[in-house]
Every structure is written in structure tokens, then in C-alpha cells.
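Hi,

Here is the structure I promised to pass on. My notes on it follow below.

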Amino acid sequence: MELLASQEDMSQDEALRFLRKMEQSDQLGSFEAAYQTVKYLRQKISDSQWGKAREALDLVKEQSARLLKGQRESSVGNMIRRVMKIIKDEHFSSGKEKTDERDTQESLQKLLLADDDEEEYNQPKENLKESVIDSMCELLSELETSAEIVCANSLEHIQNNEVIMTLGNSRLVEQFFKTAVNKKRKFQVIIVESFPNYRGHELAKALTEADIKTTVVSDAAVFAMMSRCNKVIIGTNSVMADGGLKASSGTHTLALAAKHYSVPLIVLAPMYKLTPQYLSSYDQDKFNQTISPHHVLPYNSGEIINRVSVSCPLYDYVPPDLVSTYATNIGGYAPPYIYRLLADLYHPDDYNLKQELNS
Amino acid sequence: MLHVFLFYSSSVILKVLTEAAKKHPKLSVIIVDSRPKFEGREMLRKLMRSCPTLSCSYVFINSISYVMPLATKVLVGAYAVLANGHVMSRIGTAQVASMAKTYNVPFLVCCETYKFASRMQTDSYVSNELGDSKQLMNINNRAGPLSDIASRPNLHVLNICYDVTPPDYVTGLITETAVIPCTSAPVVIRVKQQYNIVNMKPYA
């Protein structure tokens with residue numbers, strides 16, 4: 001623990017302050033949110049006195065209530081689940097060889113007949129704290145390298161003379177294109193500007209500075225331009241448990257146009273974006289967030305303002321059948337495989353964090 | 001309650017809705033708009049003036065996935081109906097059509113038969129009208145991050161005005177003679193040619 005309390009570590013509430021700041025603006029991105037969450041939890045776990053897995057889990061739960069309050073970024077919840085999974089895994093593996101019984105590929109029968117885990121976590125284990133903290137450091141370094149690993153595959157996806165469409169501005173997509181161009185690939189990018197933030201303009205600026213031929217089109221020109229594209233490469237807010245996407249609004253249209261012209265849709269999704277939420281596309285209000293409509297219709301538009309209802313949702317749900325491939329930091333996967341990754345990364349008891357917190 | 005979803009400003013649509021609002025007091029419309037022209041705002045103003053009872057919603061084109069499940073039908077105007085059944089209309093129409101198809105909402109095009117053209121086009125890129133790219137670079141009438149485009153030889157801003165909707169997304173064309181499927185466009189053109197109504201030259 002002395003090792004971990006080094007200079008670069010955050011002070012007690014610095015991480016929490018950071019997360020509060022992030023809550024107020026969506027500029028910081030899901031990577032920072034994930035990274036700071038793990039760092040914060042590591043701090044809490046190493047600072048507190050605990051000997052049993054149950055105590056550590058309670059500690060994480062207590063913190064997660066604070067972290068998740070009003071949190072827009074799903075990667076915060078994902079990282080809490082990853083940490084809980086680490087504690088559970090380390091509990092079962094510390095001091096003895098990992099038995100088949102606790103393998104992630106539990107059969108239904110074994111799940112039914114298994115003893116109550118709640119009892120099990122009260123057993124004290126030797127060196128549990130050390131191994132949990134070690135695993136959390138591994139998780140942090142996995143996060144640090146995730147973007148780099150995704151981008152390392154850029155040459156597999158981008159060929160010479162291709163025309164690639166993207167929407168809005170994802171830092172990962174920008175890095176992905178830049179990696180390809182640094183490896184001497186010549187290609188063209190069509191950027192959909194993405195109302196209301198016009199993030200596409202920022203991406204266009206960054207790409208032209210990296211000497212990539214770039215064309216900016218409006219959100220309405222997606223279908224018209226798709227006939228000229230070879231690939232669509234986008235980032236996303238999160239990857240849902242069914243293999244669908246929660247991505248910035250306009251992505252569903254983009255995916256439909258890509259499907260119409262049989263253009264592959266590649267989603268760059270580091271694993272911290274994988275969330276165990278399921279959604280139906282008809283259940284928009286439960287997952288979507290709407291922001292101030294003044295971007296859509298300015299308040300100074302005169303008398304019409306009084307009689308019109310204006311909405312400005314932030315996200316689109318994209319069903320899994322419209323996605324061709326996920327390029328993740330642990331390899332490329334098709335949407336039907338996402339459920340398996342989910343089982344590998346999170347413990348099934350932690351899927352619904354909020355419900356557990358409320359109970 | 002009847003929800004009609006419509007896209008961009010069109011004089012035919014305005015008249016259709018004004019008529020419909022008189023007969024259906026519970027009619028409500030969702031207007032979809034796009035950059036850079038924001039013609040939907042003008043449509044909204046006109047509609048509110050002509051039908052005081054109509055309840056209106058207004059969204060931007062990238063939110064259509066959010067509002068489409070609420071719509072019971074989509075009405076659009078057209079710039080031209082081509083001989084192969086494709087509908088040429090204001091940019092963004094094809095996106096609305098594909099979304100309507102996804103949610104199984106009927107997509108109806110209101111179009112007088114004088115707009116039936118004997119030319120053919122299968123995608124929007126082949127022949128189109130280019131708008132001023134400055135309109136796209138400006139954000140809320142102010143210079144955006146791309147205003148220094150002249151110093152960036154790699155950067156292009158493309159502001160195309162029309163797009164072509166494939167006939168499989170169009171449920172029906174509502175014309176002054178009948179409600180017809182897109183595939184009947186050549187029939188209308190042939191009949192009109194017999195009576196010398198349509199110009200024979202394909203690219204007149």
C-alpha cells in the first residue's frame with residue numbers, strides 16, 4: 001500500500017471532484033471517466049481497513065452510489081462493475097488454485113445448486129487486498145493502452161483510396177485515422193457535421209492538419225453521400241448488452257443508409273464502453289437524454305415558440321443488425337458475440353447496479 | 001390522435017395540412033428540419049398562421065429516430081419524380097424515408113403530375129445542385145472552426161441541395177389524378193407524352 005500512495009496518486013477527493021466536473025460538461029469523454037473512476041476506487045480500497053471480500057464490495061457499493069448519482073457517462077458504472085468482478089475473482093483465486101467450479105462458464109445447473117455467495121464472501125482470505133490492488137493496476141494499464149491497441153488495427157480496416165464516412169467527433173476515430181495516415185495510407189474522409197454541437201467541424205480541422213483529404217457534409221446528406229463510401233467508421237457512447245449501440249443522435253440514420261448501400265459499419269469500441277444494459281428501440285425515454293432545445297429552435301424565433309414543442313435528444317439507439325463489426329482493444333467482434341464478452345468482464349450479480357443500490 | 005410527420009417546406013403540403021386541420025381538430029404534426037436552410041422554421045410559421053388549432057412539434061433531422069415511432073404517416077413534397085420511380089426531393093428526404101420504413105410508418109409523397117420527369121437517376125451524387133458551402137461552414141450565422149477553409153487545400157465543404165429516394169421506401173405518390181405507386185411514374189409520363197404534355201427530351 002505504501003507503494004501506491006505515491007506522488008502521482010490522487011488526493012482523497014480529487015477524483016470525485018473530477019467526476020462532478022465531468023457531470024456538468026460532456027467534454028471530458030468516457031475514457032477519462034473510466035480511468036478516474038478506477039483510480040478513485042483504487043484509492044478508496046487501499047486507504048480503507050478491510051479483510052473480507054464482503055467488506056470491500058460494500059465499500060465499492062457505497063462509493064458507487066456517490067459516483068453514479070446523476071452520471072451521464074456509462075463507463076463509470078462499467079468500471080465499478082469491473083472492480084467488483086476483480087474483488088470477487090481475487091477472493092476465489094487467492095490462496096488456492098482457481099477451481100473449475102468458479103469458472104465464468106458456469107452451467108445453469110451449477111448456478112442453481114451453488115451455495116449462497118453472500119456467505120462465501122465473508123470468509124477472510126490471505127493477501128486479498130494486495131491482489132485486488134494489483135489487478136486494479138492491471139485494469140488501469142489496460143485502459144491506458146486500449147485506444148492504442150484499437151488504432152493499431154487501422155490498416156486492416158482502411159485501404160488505399162477508400163472513402164470513409166464518420167459522424168461527429170470521437171477522439172478515438174481521429175486517432176484511428178491519424179494512425180493509418182502515419183502508416184502511409186491514402187484515403188478520403190467524409191465527415192457528417194453532427195448537429196447541435198458541430199463536432200464534425202472540429203474533427204475536419206484536426207484531420208486536414210494531419211494531411212487527410214476531408215469533406216464536410218450536413219446531417220441531411222448522409223444518404224446522398226453514402227453511395228460514394230466504402231466504409232463507415234464511428235465511435236460510440238456505449239455498446240449495449242444486445243450488441244446495439246447508444247451513440248450520438250443521427251447514428252441510426254447513418255447505420256440505415258450504410259445498410260441500404262451495403263457499406264460495412266465499423267464501430268470503434270474499447271471495452272470500457274461495454275455496458276450490461278438492454279434496451280428496446282421503442283423505449284427511448286428511459287435511456288435518452290434531451291438537452292436544451294434552443295440549438296434546434298432559438299428562443300428569439302418569435303411567436304411560434306409559444307405553440308411548438310421542440311426536442312433535442314442526445315442519443316440514438318442503433319439495433320445490432322445494423323452493425324458489422326466492433327473493433328475493440330481485445331480484438332474484432334460481431335454484435336452476436338457481445339453477450340459473451342459481457343459474461344467475461346462482469347459478474348452477473350452486478351449487471352444492475354442501481355437496483356442493488358436502491359434495495 | 002393523428003400524428004403526421006413532415007419534412008421541409010412545400011406549398012402543396014401546406015395546403016394539404018390546412019385542409020386536413022379543418023376536418024381533424026386533433027391533428028398534430030412533427031416538422032423535421034435540416035441545415036443550412038432551416039426551411040422547416042418557415043413552414044412552422046406558415047402552418048401556425050393558417051391552422052390555429054394545429055399542434056406542432058419541431059425536431060432536427062438527426063432526431064428522427066427519436067420521433068418516428070410517434071408518427072402515423074410521413075408526408076413530403078417532391079422536386080421531381082423520375083422515370084425510374086425514384087423521387088427527387090429536398091436533401092434529407094431519403095433519410096426520413098428509410099427511417100419511416102424501419103418503423104413501418106407509411107411514407108407518402110404529395111406531388112403534382114407536372115413534376116414527373118422523363119430523366120433517370122439512381123443516386124443523388126450523379127447530378128445535383130450545389131449550394132453555397134459558406135452556409136454550412138457558418139454556425140448559427142457566426143464563423144465556425146472551418147472558416148479558414150481557403151488555407152486548407154485538403155478541406156472541402158459540400159452543400160448539396162437534393163437527394164433521390166429509392167422507390168422501395170415510398171408507400172405512395174399522391175397526385176391530382178390518383179394515389180399511385182412509384183412504379184407507375186413511367187405510365188403517367190407515357191400518357192402525358194401522348195397528349196404532348198411532357199417534354200420528350202430527357203434532359204431538357
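In strand S4(A), A:Lys231 is the bridge partner of A:Ile164. Strands here are DSSP runs (E, at least two residues) and helices are H or I runs of at least four, numbered from the N terminus. This is a predicted model, in which local features need pLDDT of at least 70 and side-chain atom pairs count only at pLDDT 80 or more, while totals for chains, interfaces and linings use all residues. Residues are numbered from 1 along each chain as its sequence is written, chains are lettered from A and ligands numbered from 1 in the order in which they are written, and side-chain values use heavy atoms, with hydrogens and water left out.

S4(A) has two partners, and strands pair if DSSP finds at least two bridges between them. Strand S1 (residues 162–167) of chain A runs parallel to S4(A), joined by two bridges. Strand S7 (residues 265–268) of chain A is also parallel to S4(A), with three bridges, and there A:Ile266 stands opposite A:Ile233.

In a regular strand, side chains alternate between the two faces of the sheet. In S4 (residues 231–234), A:Lys231 and A:Ile233 point one way, A:Val232 and A:Ile234 the other, and all are buried (under 20% relative accessible area, 1.4 Å probe, protein chains only; exposed is over 50%, partly exposed in between).

Over in helix H14 (residues 338–345) of chain A sits A:Leu342. A:Leu342 counts as buried because its relative accessibility is 3%. Beyond neighbours within four places in sequence, its contacts (heavy atoms within 4.5 Å) are A:Ala241, A:Leu274, A:Thr275, A:Pro276 and A:Tyr351.

Best wishes
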